[in-house]
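Open your viewer and get ready to select residues one stop at a time. Keep the sequence panel in view as you go.

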Amino acid sequence: MARPESISGGCLCGAIRFTITFPQDTDWPPTGNGICQCTMCRKHSGSLLPQNCKFPTANISPPLKGNPAFKTYNSSSNAYRGFCGDCGSALTFHFVKEPEFTEINLGAFDEEVLCGKRDESNAWEDEHGRHVPRIGGVGRELCYPQYHIFMENAIPGVTDDFPGPKYLQDKSTGKPLTASGDGS
Ligand SMILES: [Zn+2]
Ligand SMILES: [Zn+2]
């Protein structure tokens, strides 16, 4: 899939909407994309496998901080997390010392971005239900995890078997668990 000009997302209620652009000097697919199983990410997102991706804050418009519905919570002294104060959607992760980057929770991107547009005119039904083909979408490129961190919290047989390099804690605290780093 070619580099998109932009991708859109927002919270569940729609009070927060944003677009991320990909100028030629930015990575496509984005590189800072990983799954973190730390307890704080799990609690904030309500997900066992919270996944987010890092983007230059300057490429996100309109700026999240200018939206009165956008609230933040200091989950530690060096990081805070953003959410919608109206509907509660967990949206972002920010390092205090890196205001130039914003990590967006991947589930906040729009369905058409992640899965493609629904092609209702070519839908069919069988014993499984109604199948609606999709057109476009960049989910595979956008969401393929480049790392897994805090594997010490993995639930055996449930959240420990995914492709990609796996780290016991943060990436800075040790080598990946697999010799090749490819998660095999
Ligand atoms: Zn909302
Ligand atoms: Zn985490």
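Start in the largest nonpolar core, which has 23 residues. Select Ile 16, Phe 18, Ile 20, Ile 104, Phe 109 and Leu 142, the members with the most contacts inside this core. Now colour strand 2, strand 4 (51-56) and helix 3 (139-143): each supplies at least two residues of the core. Remember that this is a predicted model.

Next, centre on Leu 142. Which residues does Leu 142 touch, leaving aside neighbours within four places in sequence? Its contacts are Ile 7, Trp 28, Pro 30, Asn 33, Phe 55, Leu 106, Phe 109, Val 113 and Leu 114.

Move on to a second, separate core of six residues. Among its members are Cys 36, Cys 38, Cys 41 and Tyr 147.

Stay with the cysteines and show the zinc ion (ligand 2). Cys 36, Cys 38 and Cys 41 coordinate the zinc ion through their SG atoms, at 2.1 to 2.3 Å. Check the sequence panel: the donor residues follow the spacing C-x1-C-x2-C. Are Cys 36 and Cys 41 buried or exposed? Cys 36 is buried, because its relative accessible area is 9%, under the 20% cut-off. Cys 41 is buried too, at 8%.

Three strands form an open sheet in the order 1-2-5, with antiparallel pairing. Strand 1 (6-10) and strand 5 (60-61) are at the edges; each has a single partner strand, so one side of each lacks a neighbour in the sheet. Select strand 2 (residues 17-21), which is joined to strand 5 by two bridges. Finish on Ile 20, which stands opposite Ile 60 in strand 5.

Methods:
Residues numbered from 1 in each chain as written. Chains lettered and ligands numbered in written order. Predicted model: local features only at pLDDT ≥ 70, side-chain atom pairs only at ≥ 80, totals over all residues. Heavy atoms only, no water. Pairing = 2+ DSSP bridges. Helix = DSSP H or I, 4+ residues; strand = E, 2+ residues; numbered from the N terminus. Donors = N, O, S within 2.8 Å, 3.2 Å for Na, K, Ca; no water. Buried < 20%, exposed > 50% of the residue type's maximum accessible area, 1.4 Å probe, protein only. Core = buried A, V, L, I, M, F, W, Y, C linked by side-chain atoms within 4.5 Å. Contact = heavy atoms within 4.5 Å.
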